[in-house]
Amino acid sequence: YDLSVLVAGLGISSVVIALAAQDLAKSLLGGFCIVLDKPFSIGDYITVNNFEGTVEDITFRTTRIRDIANDVIVIPNSQIAENNIVSYSRKDSRFYSLLLTFELSTSLDKVADFKEKLMLLLNLHEHVLNENIRVFFHTISDNGINVKITFYTDIANYADFLKFKEEMNFNILDLVQKTGIELAYDSKTIY
């Protein structure tokens, strides 16, 4: 018998098995690291490797997340271990940011009055963290006067934060209307 063919076949087979085992070993090692490090848990909302969703299951080889479209995404733990992970569920506060553009014809007295009333509104809100409230005349753009509003809230749950954000947007627009300020819109005049 010619053993060279058998040896060559075993060599190629061992290379194929080694490469397959390498991916399996990477995934198992990644799963082991996830279990030990606990960067996220089942039920956490995470972003990893351009995928975003709620963690449904963590095994030694894969992690399953359900995205916002209700699709289940199975990610090998080796990819998770090699990429950055953002765990939104581990936040103890969330950042709110809004840029309002007032018409250029808005008087500076109205801008100052709006800022003062908004600061009072934000300071009195139970879920706004008062030490980081910023309301300031940001820039003058082609369309108008830009006022930037930023602060943190103690609402960490994402669904609750969206409700809070909607409530704040309504309150801010209501205050804009009550102070008689008109919002500017992107427009061009052609002659």
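## The largest pocket

A pocket is an open set of points, on a 1 Å grid over the protein atoms alone, with protein on both sides within 12 Å along at least five of seven lines, and its lining residues have an atom within 4 Å of a point. In this structure the largest pocket has a volume of about 180 Å³, where a volume is the space filled by probe spheres set on the grid points, which are joined across faces, edges and corners. This is a predicted model, in which local features need pLDDT of at least 70 and side-chain atom pairs count only at pLDDT 80 or more, while totals for chains, interfaces and linings use all residues. Residues are numbered from 1 along each chain as its sequence is written, and side-chain values use heavy atoms, with hydrogens and water left out.

The lining of the largest pocket includes Tyr 45, Arg 66, Asp 67, Tyr 88, Arg 94 and Asn 157. Helix α4 (residues 158-178) gives the largest share of this lining, 3 residues; helices here are DSSP runs of H or I with at least four residues, strands are runs of E with at least two, and both are numbered from the N terminus. Sorted by class, the lining has 6 nonpolar, 3 polar and 3 charged residues, with Ala, Val, Leu, Ile, Met, Phe, Trp, Tyr, Cys and Pro counted as nonpolar, Asp, Glu, Lys and Arg as charged, and the others, Gly among them, as polar.

## The loop between β1 and β2

Asn 49 is placed in the loop between β1 (45-48) and β2 (51-58), and Asn 50 has its place in that loop as well. Asn 49 has a phi near 50°, a positive value in a residue other than glycine, and Asn 50, which is not a glycine either, has a positive phi of about 65°.

Asn 49 counts as partly exposed because its relative accessibility is 28%, whereas Asn 50, at 78%, counts as exposed; buried means under 20% relative accessible area, exposed over 50%, and partly exposed in between, with a 1.4 Å probe and protein chains only.

Phe 60 is found in the loop between β2 and β3 (62-66), and its relative accessibility of 46% makes it partly exposed.

Pro 76 belongs to strand β4 (residues 72-76) and is partly exposed, with a relative accessible area of 25%. Between the C-alpha atoms of Pro 76 and Tyr 96, which are 20 residues apart along the chain, the separation is 34 Å.

Notes: 1 Å grid on protein atoms, 1.4 Å probe; cavity = no way out; pocket = protein on both sides within 12 Å on 5 of 7 lines; lining within 4 Å.
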